[in-house]
Structure formats: C-alpha cells, structure tokens
Amino acid sequence: MAYILLLAGFGLLIKGADFFVDGSSNIARLLRVPPILIGLTIVAFGTSSPEATVSIIAALQGNAEVSLGNVVGSNIFNITLVVGAAAFLYPLAVESSTVKKEIPFTLLASVALLVLISDMILQGFNDNLLTRSDGVIFLLFLSIFMYYVIEIGLKSRKDTKHEPPTTGIKWGKNVVLTLVGLAAIIFGGNLVVNNGTEIAYALGMSETLVGLTIIAIGTSLPELVTSISAALKKESGIALGNIVGSNIFNIWFVLGTSAVITPLPVAGKIFTDVLIMIVLSVLLFLFSRSGYTVGKREGLFLILVYVAYFVYIILRN
C-alpha cells in the first residue's frame with residue numbers, strides 16, 4: 001500500500017506544480033512585478049511548506065537530527081538536482097539583481113547557519129546547539145529579506161504604472177489555480193514523505209540518513225516539479241526564484257521557527273553537509289555570473305554533483 005500511495009503522491013506533485021506555475025506567473029503579470037519576485041515569495045514559501053511541516057513537527061517531537069538534516073539536505077538538493085534538472089531542460093536566464101542580491105542572501109543564510117551552530121569552536125561550549133535566540137536571529141534576517149523584496153516589488157509597480165493593463169487574465173481563476181496547485185503539491189509531498197520514510201525505515205536506514213535523503217528529497221519534490229515545470233514553460237524567473245527563495249525560507253523561517261519552538265542539538269556529521277551547502281551556494285553564484293545564464297553544461301554538472309553527494313552520504317552513514 002505504501003508504494004501505491006507513493007506513486008499517487010508523485011502524481012499530485014506533478015499536476016499541482018503545473019497549476020501552481022500557471023497561476024503564480026499570471027498573478028505576477030496582474031501585479032506588474034517581475035516573475036522572480038513571485039518565485040522568491042509566493043512560490044518559494046509555498047514549496048517550502050513541506051520542509052516547514054516536517055521540521056517543525058520533528059522539533060516538537062525532539063528529533064533534531066531530522067529537522068536539521070531535512071533543511072540542509074533539501075537546500076543541497078535544490079541547488080544541485082533542482083537547478084541542474086531545470087537548466088538542463090531549458091537554460092535559465094539570470095537577472096543581474098538576482099546575481100548581485102538574491103543569491104548572496106542564500107549564501108548569507110548558509111554562512112549564518114554555520115556560525116550559529118559552531119558553539120564548541122567559537123564559544124567553547126560542551127555542545128553545539130541551535131538555541132531559541134539563534135532562531136529569533138534567523139527570523140529577524142527573514143524580516144529584512146522580506147522588506148527588501150517588498151521594496152523591489154513596489155518599485156517595479158511604480159516603473160510600470162503607465163503600461164496598459166493586462167487583458168484576458170482573470171484574478172479569480174488564477175488565485176484558485178494557484179491555491180489548488182499548492183494544495184496538491186503539499187498533499188502529494190506529504191504522501192511521498194510519509195510513505196517514502198516508512199519504506200526507508202523498513203529497509204533499516206538511520207534517522208540522520210533518512211533526514212538527509214528520503215525526507216530531504218521528498219520535501220524538495222515541490223521545488224523540483226515546480227522549477228522543472230517553470231523551466232519548460234520558459235519562466236526562468238519563477239524557476240530560479242523558487243530555488244533561491246526556498247533555500248532562504250528553509251534556513252531563516254523553517255529552522256528559525258523550529259529553534260524557537262525548542263533548541264535543536266547539532267550532530268557532528270551535519271557540519272560537513274553545511275560546508276557542502278556553502279560551497280554549492282558559491283558555485284551557483286559563479287555559474288549565474290557567467291553570462292547571466294545557467295546552461296545545460298552547468299545543469300549536467302550540478303546533477304552529477306548531487307549523485308556524488310548522495311553516494312557519499314549513503315557510504316558515510
């Protein structure tokens with residue numbers, strides 16, 4: 001039965017992403033803002049909701065390894081396999097503001113996570129812990145990022161206020177399309193995570209490994225199917241904005257909220273994964289600066305990087 005529900009979850013994810021991208025891209029046109037902003041906010045927050053659900057529940061249940069492993073594993077999956085697959089299918093055009101501002105926010109979030117979990121090295125404590133005060137700091141970072149995004153959106157609307165209104169696109173239809181698509185993505189993601197985890201535990205996998213692989217991949221499926229669907233529809237702004245925004249939300253909102261609920265002990269193994277996440281964020285920045293396009297070659301390279309990482313964490317655990 002778990003296998004059947006797993007397949008049903010994948011089906012909901014794929015169809016939900018199709019609706020979600022169509023609805024959200026039309027909302028961007030109606031709001032007269034760049035699609036990248038919709039990708040950074042509505043789409044990113046929506047596709048990050050499975051990570052938020054899993055990590056917050058794990059925090060409430062005292063499973064810190066799952067909370068941290070889920071977020072770090074999801075971010076690595078997003079930068080490598082999601083960006084890689086989307087770029088391989090259709091080269092992703094990158095706006096200069098994304099290279100100069102949004103991607104550096106992702107790198108800042110990753111470095112901030114490394115600093116705040118390094119209590120033994122930086123403060124001489126006996127244990128590494130993501131505390132409630134660390135969680136508040138993450139949420140404050142998120143509020144700064146949201147202020148920046150809103151400012152950019154208001155400036156964009158001001159610059160386009162003299163353009164003729166969009167015709168043939170209805171608010172009601174696209175709001176419903178977006179919400180139905182998001183609901184299908186979240187429900188499908190839950191089916192995949194729950195049943196995939198059940199199968200993984202039955203196969204004897206450890207909690208940390210399940211968090212970094214099955215749960216991380218499962219909760220990142222919304223980003224994967226949404227970005228691939230956006231790339232196929234030539235909506236590069238939504239495809240890339242979804243990944244950049246999701247990685248920011250995963251650290252600053254998901255981990256921030258989880259840590260505020262209960263302090264999260266940090267396992268030693270996770271430091272390697274956080275360092276890999278930082279290196280990959282730098283790599284995404286460099287790829288994006290090269291001609292302001294992430295092309296097929298870069299996409300293939302990122303896919304191969306994820307395959308190598310996946311093999312590494314299985315052998316490590």
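Which residues does W252 touch, not counting residues up to four places away in sequence? Select W252 in this predicted model and display its surroundings: the residues touched are F105, L108, A109, F138, L139, F141, L142 and F145.

**The nonpolar core**

Next, widen the view to the largest nonpolar core, which has 81 residues. W252 is among the members that touch the most other members, together with L92, L113, L130, F138 and V274. Then select residues 236–261, which form helix α10; this helix gives the core its largest share, 12 residues. In soluble globular proteins, nonpolar side chains tend to be buried together.

**A nonpolar patch on the surface**

Now turn to the surface and select F88, L89, Y90, L232, L300 and L304. These residues form a nonpolar patch, and their accessible area together is about 550 Å². Colour helix α4 (64–89) and helix α12 (296–316): each supplies at least two residues of the patch. Y90 lies in the loop between α4 and β1 (92–93).

**Helix α3**

Finally, select residues 49–60, the 12 residues of helix α3. From the first C-alpha to the last, α3 reaches 16 Å, close to the 16 Å expected at 1.5 Å a residue. Is this helix mostly covered or mostly uncovered? Helix α3 is mostly covered, with 9 of its 12 residues buried. To see them, select S49, P50, E51, A52, V54, S55, I56, A58 and A59.

Key: Residues are numbered from 1 along each chain as its sequence is written. This is a predicted model: local features need pLDDT of at least 70, side-chain atom pairs count only at pLDDT 80 or more; totals for chains, interfaces and linings use all residues. Side-chain values use heavy atoms; hydrogens and water are left out. A nonpolar core is a set of buried Ala, Val, Leu, Ile, Met, Phe, Trp, Tyr and Cys residues joined through side-chain atoms within 4.5 Å. Buried means under 20% relative accessible area, exposed over 50%, partly exposed in between (1.4 Å probe, protein chains only). Helices (H or I, at least four residues) and strands (E, at least two) are DSSP runs, numbered from the N terminus. Contact means heavy atoms within 4.5 Å. Patches are made of residues with over 30% relative accessible area and no salt bridge: like charges are joined within 9 Å, nonpolar side chains (Val, Leu, Ile, Met, Phe, Trp, Tyr) within 5 Å. Accessible areas come from the Shrake-Rupley method with a 1.4 Å probe; for residues, only the protein chains shown count as cover. A salt bridge is a side-chain nitrogen of Lys or Arg within 4 Å of a carboxyl oxygen of Asp or Glu. The expected span of a helix is 1.5 Å times one less than its number of residues.
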